[in-house]
Amino acid sequence: MSREEMRELQSERLKQLVNHVYTNVAFYRRRMDEMGVKPEDIQTIDDIFKLPFTYKNDLRDHYPFGLFAVPMKDIVRVHASSGTTGKPTTVGYTKNDIENWREVLARCLAMAEISSDDMMQVSYGYGLFTGGLGVHYGAETVGATVIPISGGNTRRQLQLMADYGSTVLACTPSYALHLADALAENGYSLADMKLKIGVFGAEPWTENMRLELEKKWGIKAYDIYGLSEIMGPGVANDCECHTGLHVHEDHFFPEIVHPDTKQPMSDGQEGELVFTTLTKEGIPLLRYNTRDLSTLNRDKCACGRTTVRMKKITGRSDDMLIIRGVNLFPSQIEHVLLEMGETSAHYMLYVDKINNLDTLELKVELDEANMMDTIRDLQNLSKKIEHALNSAIGLSVKVTLVEPKTIARSEGKAVRVIDNRKK
Ligand code: DLL
C-alpha cells in the first residue's frame with residue numbers, strides 16, 4: 001500500500017473509531033467534551049492530535065470493564081496484565097477483535113517466514129497473559145503445527161523440542177537463552193534439534209542479544225512487540241532486515257511524544273510510543289501512552305514493505321521492571337508488605353540474572369516494635385511474605401529479613417531497586 005492509500009484508510013478508520021468511543025464510552029465523551037472536541041472535528045488522520053491521551057491509570061480507574069465500548073454479551077474473551085494495586089489491567093475482545101488479532105499475528109509470523117511446514121513451540125504463558133493464546137491463534141492461521149506447551153519446565157521444553165522436531169520457538173528472549181544454556185545439562189546438543197526460527201518478545205532485549213541467540217541456537221531470531229492494552233503480541237514485528245519493527249499501522253496508529261511535555265515529536269526523534277487502536281471494538285483506546293521509548297521511520301524498508309517501522313525497544317520511561325516476561329512495579333511489593341503489616345515498609349529489591357534467568361531478592365527490615373525471638377519465627381515470616389508476594393505478583397521472590405535501620409535511606413527519591421542485570 002502506498003503511504004497515501006494508507007493515510008486514507010487510517011483517516012476513514014479514525015473517524016469511525018471516534019464516533020464509536022464518543023457514543024459508547026462515557027470516559028472519552030467526557031474527555032472530548034472537556035477539550036471542546038466533537039467527533040465531526042476529526043476528518044483525517046492528521047486531526048489525531050486534537051484527541052485526548054489515555055494512560056494506564058485510566059484503565060485502572062475504570063477497572064474492570066469501565067472502558068469497554070460494547071455490551072458484555074459481545075465480549076468473547078478477556079485478558080489481563082498485572083497492576084500496581086493488585087488490580088490487573090483488564091482488556092476485552094469481540095469476535096472481530098480476535099479475528100484482527102489473528103490477522104496481525106499471522107502477518108508477524110509470515111514476516112518471520114513461518115508457514116504450514118513449521119512445528120511451532122509456543123512457550124509464552126497461556127492464560128490471562130496475552131502471549132500464549134495470542135501467538136497461538138496466529139500460528140494456526142499461517143498453518144503451522146502448534147505445540148501449546150506454555151512457559152516453564154525447561155527439561156520438558158527440551159524433550160518435546162527434540163522429540164517433536166520443533167522448528168520455531170516462541171518465548172521471551174531471556175527464556176530462549178536459558179533454554180540454550182540448559183541443553184547440555186539435560187543431555188542434548190544442537191544436533192538433536194531442528195530449530196530454525198525464534199519469535200522473541202514481551203521484554204526489552206538488545207540487538208546483541210538477538211545475535212547471541214541466533215548464534216547459540218543456529219537460528220534466525222525475530223522481535224515481536226505488543227502490549228495487552230493495544231491487543232497483545234502482534235502490534236509490530238521485525239522482518240529479515242532487522243532494521244526496526246514494522247507496525248501494523250492499518251490497525252494500530254503510532255505516534256511519538258516527548259516524555260515530559262507529551263508534545264508530538266518528528267520521525268527519527270526518540271520519545272514515548274503512543275498507539276491509537278483504529279479497528280478495535282471491545283476496548284478501543286485513543287492515543288494510549290505505552291511509556292516505551294522508540295523512534296519512527298517511514299522510509300520504505302529494503303524488504304519492500306511500506307509500513308512504518310519503530311526502533312527496537314530497549315527501555316521504558318517509567319520504572320516498570322520486567323521479570324521473566326512479567327511486569328512488576330516496586331509499589332506492588334510495598335502494597336503487599338503494608339497489607340501484611342508484619343514488617344516495616346523499608347525494603348530493597350535486588351534484581352539479578354543467574355544462569356540467564358531473572359531472579360528477585362527482597363530485603364525487608366523487621367519492625368522494631370515487632371522483633372522476633374527465634375530463628376524459626378524469622379524463617380516462618382519470610383516464607384509467609386514469599387508466599388504472599390508469589391500470589392500477588394505471580395513471581396517467586398527470595399525474602400531476607402534484616403535488622404531495623406540497615407537499609408540505606410535516601411534524601412531525595414527513594415531507591416527501591418538495584419537492578420544488577422543492567423551492569
Ligand atoms: O508482553 C505482550 C507480548 C507477549 C508481546 C508476547 C510479545 C510477545 P504486556 O504484558 O502488556 O504484553 O507487556 C507490554 O512489554 O509495553 C513493553 O514494555 C514490553 N514489551 C513487549 N514486547 C516487547 C519487545 C506483552 N518486543 C510491555 N521488546 C510493553 C521490548 C517489549 N519490550
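Is G127 buried, partly exposed or exposed? The points below get there after a quick tour of the model.

1. **What you are looking at.** This is a predicted model, where local features need pLDDT of at least 70 and side-chain atom pairs count only at pLDDT 80 or more, while totals for chains, interfaces and linings use all residues. Residues are numbered from 1 along each chain as its sequence is written, and side-chain values use heavy atoms, with hydrogens and water left out.

2. **Overall build.** The protein has 10 helices and 20 strands; these are DSSP runs numbered from the N terminus, helices being H or I with at least four residues and strands being E with at least two. Its radius of gyration is 23 Å, close to the 22 Å from the globule rule for 423 residues, so the protein is as compact as a globular protein of that length. (That radius is taken over C-alpha atoms, and the rule is 2.2 Å times the number of residues to the power 0.38.) The C-alpha trace spans about 70 × 60 × 45 Å along the principal axes.

3. Of the 423 residues, 52% count as buried. Here buried means under 20% relative accessible area, exposed means over 50%, and partly exposed is in between, using a 1.4 Å probe and protein chains only. The accessible surface comes to about 18,700 Å², and 50% of that belongs to carbon and sulfur atoms. Areas come from the Shrake-Rupley method with a 1.4 Å probe, and for residues only the protein chains shown count as cover.

4. **Contacts along the chain.** Take the contacts between residues at least 6 apart in sequence: 65% of them join residues at least 24 apart. Contact means heavy atoms within 4.5 Å.

5. **Back to G127.** This glycine is found in the loop between β3 (119-122) and α5 (130-141). With 34% relative accessibility, G127 counts as partly exposed. Leaving aside neighbours within four places in sequence, G127 is in contact with H79 and L133. S150 is 23 residues away along the chain, and the C-alpha atoms of G127 and S150 are separated by 9.0 Å.

6. Strands β17 (residues 347-354) and β18 (residues 357-365) pair in the antiparallel sense over 8 bridges; two strands pair if DSSP finds at least two bridges between them. L349 has L362 in β18 as its bridge partner. The two strands form a hairpin with 2 residues between them. On to the next strand: β18 runs parallel to β19 (residues 398-402), joined by 5 bridges, and the bridge partner of E361 in β19 is K398.

7. Most residues other than glycine have a negative phi, and most peptide bonds are trans. Which residues go against that here? N355, in the loop between β17 and β18, has a positive phi of about 50° although it is not a glycine. At 61% relative accessibility, N355 is exposed. R291 also has a positive phi, about 70°, and is not a glycine either. R291 lies in strand β12 (residues 288-294) and is partly exposed, with a relative accessible area of 26%. As for the peptide bonds, a cis one joins Y63 and P64, with omega about -5°. P64 is found in the loop between α3 (56-61) and β1 (77-81).
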